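Subject: Structure handover and notes

Hello,

I am passing on the structure that we talked about, and I would be glad if you kept it open while you read. My notes come after it.

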Amino acid sequence: MFFLLLPFLLTQAEVVSPPERSYDPGMDVAVLAGEVDTLQAMLTQVTGNQVEDLEAHMSSMFTRVYTIDSILKVLMEPEELIVEEIQPPANVKVEDVRNDVGNQLVLRWNLSPDDSLLDGYVLYRAVEGKQEFKQIQVLPPGADSTNDNNDLLARMIEYGRDEIASLRRNLPRAKRALPKLKQDAAKFPQADSLVPGIKNNLVAIILGYRRNTVRQFELDMETAKRNAERVQIKIDSLRGEITAEQTEVFTEHVNALASGMVDLQSMVQEDLPPGAAELEALAEETSKLRAKIQGTTVYRVQKLEADLANLEAEIASLESMIANIAFIEEADLEEYAKSRTERMQGLIEDSEGKLLKNRLSYRYKVVAVRGDLQAPSELSAAASPSAQLFHTQRINVLVAMIFFFSLVTFFISQAKRGKNLFLRKIAGLEAIDEAVGRATEMGRPILFVPGLSTIGDIATIAALNILQGIAKKAAQYDTPIIVPNRDPIVYTVAREIVKEAYSDAGRPDAFNPDSVFFITTSQFAYVAAVNGIMLREKPAANFFLGMFWAESLLLAETGNISGAIQIAGTDASAQLPFFITACDYTIIGEELYAASAYLSREPNLVGTIKGQDWGKATIAGLLIVLTVLAMFGIEFAVKLLTTV
Amino acid sequence: MKRRIPLTLTLVLGIVMMIQFFIPHQFSQDFKNTALEWLRVIGGFAFIIGLASFITHHYTKIKHKKEGWAYSPIALGALVVMAVVGLIGRSPNMNWIPVTVQGQQISVFTYLFSNFFTHMMIPLGATMFSVLAFYIASAAYRSFRAKSLVSILLLVAAFVIMLAIIFYNVLPLGDLGEWLLSVPNMAAKRGILLGASLGGIATSLKIILGIERGYLGGTK
């Protein structure tokens, strides 16, 4: 059918749709017939039930099977089209990306009408006013937009610089290590001459500053030899198991496979286009037979022998590498380092030349490509990337921040003027005095755990603010306080806080520097240590304030067992149920942040709490209003709710 | 002066970092990255102070023979062994006292470091973590005693969710369990989150403006 269509195709200047499924039997028949002939010739030899012969033939057999499979695959594939011309993409538009650090442009274009026939698109860029276009990206068919930025180029420049630095650093080291390497290599049989293919690999490995190169090769070789011995033992054992019956079954399978191929040959020779279903059935049958053959001991022996051959090749290659070390000279290392450095410098220069620069204008063209055919689009309008000084999508955050800060400032001023600001009673914070008092009465220490997070966590800072008040009370009542820490910076801050609290209480001499200490950064090791403290020292009051994870219940339950009064506080909502269950009082979420104001009643601090409450009320009100508006499909409300 | 310098630094850097959030320009991003690098560097130095604290704490315990002092030599010994093994074993190109493990030649220090971590640290941590299962059972027992209306509600909700998970596709409780988790539970969690976030912002503001000075050791 293809030949019938050929004259018609030649008269067409434009792309022609593929005809119905058809195939050209010419080359395929020749290949297939040749394969099947060889196969049949071999099959006459395998009937002798000779295991060695079977192993050798099977190796060739599978090569033939894969060849037949690949021919089947070709037959299944649609006819390749003759395309003489392709249409270019159109309407290439370039825009600067907003709210970024600059050096980035976004491109969009209309796909070529021949998109389905293309290999892809190639993007070219030139500085405005210059003719030199540089290839920037290669994109697959269907791509109608892309971002042009410096991410990949920056990585390539970094890679090139790292590589140069590494070569510079390693060259003297490798030179120093070379005599020893050659000495080590001399223990092995020497090669007659340097193998060119190996030289570069070897020099690259030595320049990677592996001064144990010979030893490493030696170890790899020992491993390969050990594996080869194991494989040989397995082969011997399997050969002992092979019976005449197994060989017969194996031969039957091979014959069946060959007859399947003969069927295929007959179909081909009849010059009839085989239907897809027939081909699929034949392929499936071949696959099943192959699976059966693979299940036989004879095949397993053959496979293991292939493994053995690979291992022997690996050993030979390693031997060759070691032997060739004797021929490597300092000059080789220098030469390689020099040429590699030059290559990396070229890469850096090329990448730097392609970097997109802010405020420079660029024009683009997108070229549709199919094989040797190219269809460039028209040039885009000029556009220049730029960095922005304000993130326009964060206006809502700015507005909310200004509003919230204004509220807080307003209430601080109200509090300063002496206006009585009501704060609801927080049981957990009220109980702090009771807990410290209990510890004093019992003559036992107070344990304060400032969470397991770092100083960067605002919950840790809130906990440290509370520590200040508790430490001061402990100092006044002369009650020992224990503050174990997980983070070194938190430890440093906590230590200063407790020390200052003792000074504020007028008892600086009573401060025990050993009462605040660092344990470990390991989560569960820290828990084990704190639990040990709880069980040994039996503190009368435990405070768990700050950020906690899986350890919350481990700490709180141990404290509960030790019989201490426990006050916990965190904004980790997943840990709150554990604290509520195991502690006497729990400070929930925002109450933790209100603690310092609540305890000190300082007007400035109380003002912020009122501002916080009003902010919360405003957000709740806004959420209700916006949700209702969004339910009615008002776009503005949806946008406001979803914009970060 | 001791307070003024940190307070001034906090005020200036706090405001600068706030402004930085709204500036996408490269210089702004560079400034942020530099600040984060500084944080890491300071953290590294703080670790030395932490280490000194650890050694002093255990030395004092041993010296005064405090209760449980016998554990302190073990802790100090573990610190020294792990530090030596780690410093030598993790150094590149350091192959002192080589041993062959699974066909690979490595330093005995690398081998010990890997073994101590894999076969001591990880199982010990896992042991501590697994204790949680028993603690959850005892804590759940205490919580689910129906003493008041709230505890009864908690008990019923927990019971429904447990049944919905255990008898998934057997009892028709899947939707109810899912609803309890994704509606009332989620609403409460978001409420707490909202309050905590605003509390966090307010605390940050207090720290930046120098109103909150507790973290500096006092309010004066």
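Predicted model: local features only at pLDDT ≥ 70, side-chain atom pairs only at ≥ 80, totals over all residues.

Residues are numbered from 1 along each chain as its sequence is written, chains are lettered from A and ligands numbered from 1 in the order in which they are written, and side-chain values use heavy atoms, with hydrogens and water left out.

Salt bridges

Side chains of opposite charge can pair when their charged atoms come close. Counting as a salt bridge any side-chain nitrogen of Lys or Arg within 4 Å of a carboxyl oxygen of Asp or Glu, the search of the whole structure finds 21 of them over all chains. One of these joins Arg125(A) to Asp148(A), with 2.9 Å between the closest N and O atoms. Arg125(A) belongs to strand S3 (residues 120-127) of chain A and Asp148(A) to strand S5 (residues 145-149) of chain A, so this pair ties together parts that are 23 residues apart in sequence. Helices (H or I, at least four residues) and strands (E, at least two) are DSSP runs here, numbered from the N terminus. Both Arg125(A) and Asp148(A) are buried, where buried means under 20% relative accessible area, exposed over 50%, and partly exposed in between (1.4 Å probe, protein chains only).

Arg161(A) and Glu352(A) form another salt bridge, at 2.8 Å from N to O. Because Arg161(A) sits in helix H4 (residues 151-185) of chain A and Glu352(A) in helix H10 (residues 330-354) of chain A, the pair ties together parts that are 191 residues apart in sequence. Arg161(A) is partly exposed, at 47% relative accessible area, and Glu352(A) is also partly exposed, at 31%.

In a further salt bridge, Glu329(A) meets Lys182(A) at 3.1 Å, N to O. Glu329(A) lies in the loop between helix H9 (297-325) and H10 of chain A, and Lys182(A) in helix H4 of chain A, so parts that are 147 residues apart in sequence are tied together. Relative accessibility is 40% for Glu329(A), which counts as partly exposed, and 21% for Lys182(A), which counts as partly exposed too. Salt bridges with shared partners also join Lys180(A), Asp184(A) and Lys187(A) into one network.

Strand S3 and its partners

Seven of the eight residues of S3(A) are buried, so the strand is mostly covered. Two strands are said to pair if DSSP finds at least two bridges between them. S3(A) pairs in the antiparallel sense with strand S6 (residues 362-370) of chain A over eight bridges, and Gly120(A) stands opposite Val369(A) in S6(A). S3(A) also runs antiparallel to strand S4 (residues 134-139) of chain A, with five bridges between them, and here Val122(A) stands opposite Val138(A) in S4(A). S3(A) and S4(A) form a hairpin with six residues between them, and Gly129(A) in the turn has a positive phi of about 90°.

A pocket

What is the volume of the second largest pocket? About 1,700 Å³ of space lies in it, a volume being the space filled by probe spheres set on grid points that are joined across faces, edges and corners. On a 1 Å grid over the protein atoms alone, a pocket is an open set of points where a 1.4 Å probe fits, with protein on both sides within 12 Å along at least five of seven lines, and lining residues have an atom within 4 Å of a point. The lining has 41 residues, and those nearest the centre are Ala525(A), Phe54(B), Ala75(B), Ala78(B) and Met121(B).

Met1(B), which is found in the segment before H1 of chain B, is exposed, at 72% relative accessible area.

Single residues

Asp478(A) has a phi near 60°, a positive value in a residue other than glycine. Lys538(A), likewise not a glycine, has a positive phi of about 45°, and Lys538(A) is partly exposed, at 35% relative accessible area.

Best wishes
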